[in-house]
Amino acid sequence: MASFESICVQEVTDPRTTKPHILPLYLTSSFEFESIDQGMRIFSKEEKGHVYSRYGNPTVEAVAAKITQLESYDLEEAVHGILFSSGMAALHTLVLSMLQSGQSILTQGNLYGGSTELLVKVCARSGIRTLMTDLTDLQSVETILATDDTIGLVFFESPANPTLACIDMEGLVEVARRHGVRTAVDNTFPTPYLQRPFNYGVDVILHSTTKYLNGHGNSIAGALVGRDVEFMQTRVWETMKLTGTSPGPMDAWLVHQGMKTLPLRMDRHCANALALAEHLEQHTGVLNVNYCGLPSHPHYHIARRQMSGFGGMLSFEVKGGLEAGIRFMRNVQLCRLAPTLG
């Protein structure tokens, strides 16, 4: 007979008899083997099985699979996705998985500031150099790739943060492929609802799920979805496992809940942003509006060709410089002042 203390400390038997209608939260650090023999088979990859939540967790994997499905539902080929603790963790893991010391990344100068800092400060310590150019100038990209064989990745955002600059993905991918260079795009702003980078030949799609995929500001996570399934399942997964960039199941679960309303939210975001952009463009106190849904935006035609909607993000400049900008922000009443979107 078990003692009182033993009964207290032992895990209960799962009494579930029917399937839950929403994804369960697997709040466990590790998983139990039926026997030492099963444990040995799983560790030797003779049998599939969960081991430790840093390696893989059912909640996390289910959400990664859903994001993968959203990015590839109209593709005939298989792709593979992995979830991370943040968008920055996803980018760092991708770089470490794909490149080694002595190689380079080609990117744009108007990249999200955090991504730029990661590349030029942290990745540089691993001997991975970052080059910046105007990726909308495909001839310049062609020249750079033709003369620098250290470049192993072209990484870009479209639309970019915060100028909403757009890249001709099909053209850029064509140039990169001619030189055997892989491409990766940050698809955070448009989400797979508005933009389908795989349809333009991009190799890897990155998300900060913290933003629109989650949509409620209560979870930080990131994702990578890649065409090269073997690369994703080996190099990327191994780097994620060993550097500890995996997310917690609670963050993943919250992303899953948020994605259920993604189409509804993005439709309203697009409508609101366009109405605001059109109003601001006519305002006497506004110097410039950056919104790729405005015909006046320099990349309007690229965005219109590549996106089914123009998204919910815009930026604008008020007349009077920094002081006027600060004065405007001090008088904002409806919106909350916060350093992120979503």
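Reader: What makes helix 6 and helix 7 neighbours: which residues meet?

Author: In this predicted model, L138, V141, E142 and L145 of helix 6 meet G171, L172, V175, A176 and R178 of helix 7. Contact here means heavy atoms within 4.5 Å, and helices are DSSP runs of H or I with at least four residues. Local features need pLDDT of at least 70 and side-chain atom pairs 80 or more, whereas totals for chains, interfaces and linings use all residues. Residues are numbered from 1 along each chain as its sequence is written, and side-chain values use heavy atoms, without hydrogens and water.

Reader: Why are helix 6 and helix 7 called roughly parallel?

Author: Helix 6 (residues 138-147) and helix 7 (residues 169-178) pack at about 15°, with axes 10 Å apart. Angles run from 0 to 180 degrees between N-to-C directions of lines fitted to C-alpha atoms over the stretch in contact. Under 35 degrees counts as roughly parallel, and the two helices are therefore roughly parallel to each other. Their crossing is right-handed, that is, the near helix is turned clockwise from the far one by less than a right angle.

Reader: Where does R177 lie, and what does R177 touch?

Author: R177 belongs to helix 7. Leaving out residues up to four places away in sequence, R177 touches G201 and D203. From T59, R177 is 118 residues away in sequence and 36 Å away in space, C-alpha to C-alpha.

Reader: How do you know that helix 4 packs on helix 5?

Author: M88, L91, H92 and V95 of helix 4 make the contact with G114, S115, L118, L119 and V122 of helix 5. These residues divide into six nonpolar, three polar and no charged. The axes of helix 4 (residues 87-98) and helix 5 (residues 113-122) come within 10 Å and cross at roughly 35°, in a right-handed crossing.

Reader: Which residues join helix 4 to helix 9, and at what angle do the axes cross?

Author: T93, L94, L96, S97 and M98 of helix 4 meet F231, R235, V236, T239 and M240 of helix 9. This contact holds six nonpolar, three polar and one charged residue. The axes come within 9 Å and cross at roughly 115°, and this crossing too is right-handed.

Reader: What makes up the lining of the second largest pocket?

Author: Helix 2 (36-43), helix 3 (58-72), strand 1 (80-84) and helix 9 (229-243) each give two or more residues to the lining. The pocket has a volume of about 920 Å³. Of its 30 lining residues, G49, Y55, G56, E61 and W237 are the closest to the centre. The lining divides into 14 nonpolar, 10 polar and six charged residues.

Reader: How many cavities of 30 Å³ or more are found, and which residues line the largest cavity?

Author: The search of the whole structure finds one. The largest cavity holds about 30 Å³ of space and is lined by P159, L164, F189, P190, M307, F310, G311, G312 and M313. Seven of these lining residues are nonpolar, two are polar and none is charged.

Conventions: Ala, Val, Leu, Ile, Met, Phe, Trp, Tyr, Cys and Pro count as nonpolar, Asp, Glu, Lys and Arg as charged, and the others, Gly among them, as polar. On a 1 Å grid over the protein atoms alone, a cavity is a set of points where a 1.4 Å probe fits but cannot get out, and a pocket is an open set with protein on both sides within 12 Å along at least five of seven lines; lining residues have an atom within 4 Å of a point. Grid points are joined across faces, edges and corners, and a volume is the space filled by probe spheres set on the points. Angles under 35 degrees count as roughly parallel, over 145 as roughly antiparallel, 65 to 115 as roughly perpendicular and the rest as oblique.
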